[in-house]
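Hi everyone, thanks for coming. Please bring up the sequence and the 3D view on your screens, and we'll walk through them together.

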Amino acid sequence: MTGRLNSAQPYAIGLFRIVVGLLFACHGANSLFGTFGGQTAQAGSWPGWYAAVIELVGGSLVLLGLGTRAAAFISSGAMAYAYFKVHQPEALWPIENNGEGAAMYCWAMFLLIFTGSGAFGLDRLFAKRSGAQDRTAADQEPVAV
């Protein structure tokens, strides 16, 4: 069973990346454009508008699997900032300060920094096209042993 799960790992990571990226991008679109019934952040306002731009752009890049690690790094940092500067001063625990979303996005993006895009990502497609992808033993081994 472990062998089957390990062989499916790139696909599970790819699906995880797609879902997290889509939800993160939707959150940014909600704040920027008022889609899904949200209120828009005033252009240039700190930190709301900048966070929304990071969410939309970072989420879209993560969704597509393009520059996943860099986009996830910036997105994770933005959500850590959001949690500690906006939510955490209200109360200690995320359930008390409405910071569950920021905490979950922070850790989900943090995970993607280390796992990469997984399957279905444009990173892999471009790497194969350029011929720059030399499959090493590390690329072929599952992340968890």
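Let's begin with a question: where is Pro47 found? Pro47 sits in the loop between helix H2, residues 9-33, and helix H3, residues 48-64. Before you read too much into any detail, please remember that this is a predicted model. Now look at the bond that joins Trp46 and Pro47: this peptide bond is cis, with omega at about -5 degrees.

The protein chain has eight helices and zero strands. If you walk from the N terminus on, the elements read α-α-α-α-α-α-α-α. The chain has 145 residues, and 30% of them count as buried. Its accessible surface comes to about 9200 Å², and carbon and sulfur atoms own 66% of that. Here is one more number for the whole chain. Take the contacts with a separation of 6 or more: 66% of them are between residues 24 or more positions apart.

Next, let's visit a residue on the inside. Is Thr68 buried or exposed? Thr68 has a relative accessible area of 1%, so it counts as buried. You'll find Thr68 in helix H4, which covers residues 68-87. Who are its contact partners? Leaving aside residues up to four places away in sequence, Thr68 touches Arg17, Leu61, Val62, Leu112, Gly116, Ser117 and Asp123.

Let's turn to Phe120, which gets a few minutes of its own. Where does Phe120 lie? Its place is in the loop between helix H6, residues 100-115, and helix H7, residues 122-130. With 51% relative accessibility, Phe120 counts as exposed. The backbone has something to show here as well: Phe120 has a positive phi of about 70 degrees, although it is not a glycine. Phe120 also takes part in a nonpolar patch on the surface, together with Tyr11 and Leu15. Those three residues share about 340 Å² of accessible area.

Asn98 also has a positive phi without being a glycine, in this case about 60 degrees. Look for Asn98 in the loop between helix H5, residues 94-97, and H6. Asn98 is exposed, with a relative accessible area of 61%.

Now for the rings. How many aromatic pairs are there? The count comes to eight. One of them is Tyr11 with Phe120, a tilted pair, with 5.7 Å from centre to centre and 50 degrees between the planes. This pair links distant parts of the chain, because Tyr11 is in helix H2 while Phe120 is in the loop between H6 and H7, 109 residues apart. Tyr11 itself is partly exposed, with a relative accessible area of 46%.

Another pair is Trp107 with Phe110. The ring centres of Trp107 and Phe110 are 5.4 Å apart and their planes stand at 80 degrees, so this pair is edge-to-face. Why are these two separated by about one helical turn? Because Trp107 and Phe110 are three residues apart in helix H6. As for the surface, Trp107 is exposed at 58% relative accessible area, and Phe110 is partly exposed at 35%.

Finally, let's go back to where we came in. Trp46, the partner of Pro47 in that cis bond, belongs to an aromatic cluster. Which residues form that cluster? They are Trp46, Trp49, Tyr50 and Tyr81.

Notes: Residues numbered from 1 in each chain as written. Predicted model: local features only at pLDDT ≥ 70, side-chain atom pairs only at ≥ 80, totals over all residues. Heavy atoms only, no water. Helix = DSSP H or I, 4+ residues; strand = E, 2+ residues; numbered from the N terminus. Buried < 20%, exposed > 50% of the residue type's maximum accessible area, 1.4 Å probe, protein only. Contact = heavy atoms within 4.5 Å. Patch = residues over 30% accessible without salt bridge, like charges linked within 9 Å, V, L, I, M, F, W, Y side chains within 5 Å. Areas by Shrake-Rupley, 256 points an atom, 1.4 Å probe, with all protein chains shown as cover. Salt bridge = Lys/Arg side-chain N within 4 Å of Asp/Glu carboxyl O. Phe/Tyr/Trp six-rings, centres within 6.5 Å; stacked < 30°, edge-to-face > 60°.
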